[in-house]
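Subject: Structure handover

Hello,

Here is the structure you were going to look at. Please open it alongside this note.

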Amino acid sequence: MFKAIDQNFIEKNNKKFLKDQNKDFEYFQEKLLKLKLNLGLLKKKVFEFNLALPSWGVGTGGTRFARFPGIGEPTNIFEKIEDCAVINDLTGSTSSISPHFPWDNVSDYSELKEHATHYGLNFDLINSNTFQDFSNSKSSYKFGSLTNIKKKIREKAIELNIDCIKKGKILGSKGLTVWLGDGTNFPGQQSFSKSLENYIQSMKVIYKKLPKDWKILIEYKPYEPAFYSTVINDWGTSYICAKELGPKALSLIDLGHHLPNTNIEMIVSRLLDLNKLGGFHFNDSHYGDDDLDTGSINPFRLFLIFSELTNKKNFKNFNKISYMIDQSHNVTDPIESLIQSTDEILNAYIKSLLINSDELSSLQQDNDIIGINNLLKNAFNTDVRSLIKQIRLENNNSIDPINTYRKLNYKKTKSKVRTKKIFSLSGIV
Ligand code: PSV
Ligand code: MN
């Protein structure tokens with residue numbers, strides 16, 4: 001840590017906020033006493049929580065229509081790592097980066113690992129990309145990858161995933177996330193049944209290549225880019241495939257990958273009960289897979305999701321699950337958005353820890369619905385920001401990361417050295 005930002009600079013900035021912080025934290029501690037919660041334990045839980053940043057998340061995203069690049073954007077994975085390190089130096093909660101291959105291909109993976117280590121970062125799950133073509137070869141993923149009706153193309157997609165495992169092993173990763181764009185735009189275009197069967201057969205080959213201590217996560221999404229049918233469209237399909245593959249295969253919930261009004265927290269509970277919840281991609285959504293900043297639209301839903309993860313029954317598995325942000329920033333500096341989202345996620349997590357599971361159970365026993373609502377709302381409405389700030393203060397991170405970041409003029413400085421034009425003018429990278 002502190003290779004991207006001078007620690008003294010952070011400390012100096014923190015001084016300005018100390019007086020307010022002390023007052024706010026004193027008030028929060030009084031609240032904790034009333035709730036009979038142990039401060040040390042709470043701090044430990046927050047400190048141990050790790051949130052991965054997506055390599056693609058530090059670049060300015062775009063829509064299908066346009067991309068408006070910002071100044072000083074990272075132009076390769078090495079520079080993306082530097083940006084992620086800035087966020088981690090400031091917040092202290094994001095010490096890993098999740099790469100996406102072939103987007104982040106390099107010639108020397110040991111060098112890449114060293115670069116990340118130098119910045120105090122390690123590698124989280126690897127993401128494989130078979131939803132676009134990367135070469136001029138005749139075989140294309142236009143009609144699918146792992147599920148393609150043509151064996152040769154399925155084999156190419158399998159090979160790409162195996163290659164991701166090889167790269168991930170050098171980087172010290174412990175898992176692979178597979179998301180496919182495979183699906184159809186016309187009724188009858190493909191056999192639903194054959195596509196799913198092809199998927200399972202392809203994944204079985206990849207599964208066999210997983211190192212002992214790895215997991216493989218199956219990310220589902222109802223539509224986009226396919227608009228009539230998608231092969232791995234929902235949590236049920238993801239679960240069925242994970243079950244068929246074996247214990248290392250688990251489901252991944254991307255918050256944006258649900259139809260409007262889906263009860264995501266219930267899916268969390270179901271997958272936990274089935275022992276098949278492997279990871280999250282955090283973002284927020286208003287219509288579909290909008291990739292909006294986490295907690296910017298519906299922070300209460302985020303809190304309810306965490307409430308399922310942290311209740312008495314489920315908390316033992318909390319740190320086994322992989323947590324990552326997956327959002328696309330069209331109109332903000334991605335570093336600021338990722339800091340803000342990190343805060344939203346920590347807020348939701350801590351608030352969920354304020355719920356007394358035993359009290360909730362006894363209120364449920366009595367069908368005391370208003371009592372239950374009060375219990376949840378009291379936790380949700382508690383201002384827990386001073387705890388986050390206190391933990392940051394004690395670990396030499398920034399009390400007010402966005403303020404400190406703005407003082408750095410980071411992107412302006414970087415724009416002088418990051419002069420290479422970025423290839424894509426539309427789409428998400
Ligand atoms: C697809 O929408 C997704 O959520 C998958 O996780 C991809 O890897 C990521 O976005 C970037 O396209
Ligand atoms: Mn995702």
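Predicted model: local features only at pLDDT ≥ 70, side-chain atom pairs only at ≥ 80, totals over all residues.

Residues are numbered from 1 along each chain as its sequence is written, while chains are lettered from A and ligands numbered from 1 in the order in which they are written.

Overall. The chain has 16 helices and 12 strands. These are DSSP runs numbered from the N terminus, with helices being H or I of at least four residues and strands E of at least two. The radius of gyration is 22 Å, which agrees with the value near 22 Å for a compact globule of 429 residues. That radius is taken over C-alpha atoms, and the globule rule is 2.2 Å times the number of residues to the power 0.38. Along the principal axes, the C-alpha atoms fill a box of roughly 65 × 60 × 40 Å.

Ligand 1. There are 10 residues around ligand 1, and Asn127, Trp179, Asp254, Asp289 and Asp326 come nearest. "Near" requires a C-beta atom, placed from the backbone, within 6 Å of the molecule. The shell has five charged, three nonpolar and two polar residues. For these classes, Ala, Val, Leu, Ile, Met, Phe, Trp, Tyr, Cys and Pro are nonpolar, Asp, Glu, Lys and Arg are charged, and the others, Gly among them, are polar.

Helix packing. Two packed helices are described by the angle between their axes and the distance between the axes. Axes are lines fitted to C-alpha atoms, for helices over the stretch in contact, and angles run from 0 to 180 degrees between N-to-C directions. Angles under 35 degrees count as roughly parallel, over 145 as roughly antiparallel, 65 to 115 as roughly perpendicular and the rest as oblique.

- α10 with α11. The axes of α10 (residues 299–310) and α11 (residues 334–353) come within 8 Å and cross at roughly 50°. α10 is therefore oblique to α11. The crossing is right-handed, that is, the near helix is turned clockwise from the far one by less than a right angle. Pro299, Leu302 and Phe303 are among the α10 residues that meet α11, whose partners include Glu344, Ala348 and Tyr349. Contact means C-beta atoms, placed from the backbone, within 7 Å. The contact residues divide into seven nonpolar, three polar and two charged.

- α4 with α11. Helix α4 (residues 77–91) packs on α11 at about 40°, with the axes 10 Å apart. So α4 is oblique to α11. This crossing is right-handed. Asp83, Val86, Ile87, Leu90 and Thr91 of α4 touch Ile335, Leu338, Ile339 and Thr342 of α11. Six of the contact residues are nonpolar, two polar and one charged.

- α9 with α10. Helix α9 (residues 264–273) packs on α10 at about 15°, with the axes 8 Å apart. That makes the pair roughly parallel. α9 passes α10 in a right-handed crossing.

Backbone. Two cis peptide bonds deserve a look. Phe101 to Pro102 is cis, with omega about 10°. Pro102 lies in the loop between β3 (100–101) and α5 (109–118). Glu224 to Pro225 is also cis, with omega near 10°. Pro225 sits in the loop between β8 (215–219) and β9 (229–230). Asp291, which is not a glycine, has a positive phi near 55°. Asp291 is in the loop between β11 (277–282) and α10.

Best wishes

Notes. Contact = placed C-beta atoms within 7 Å.
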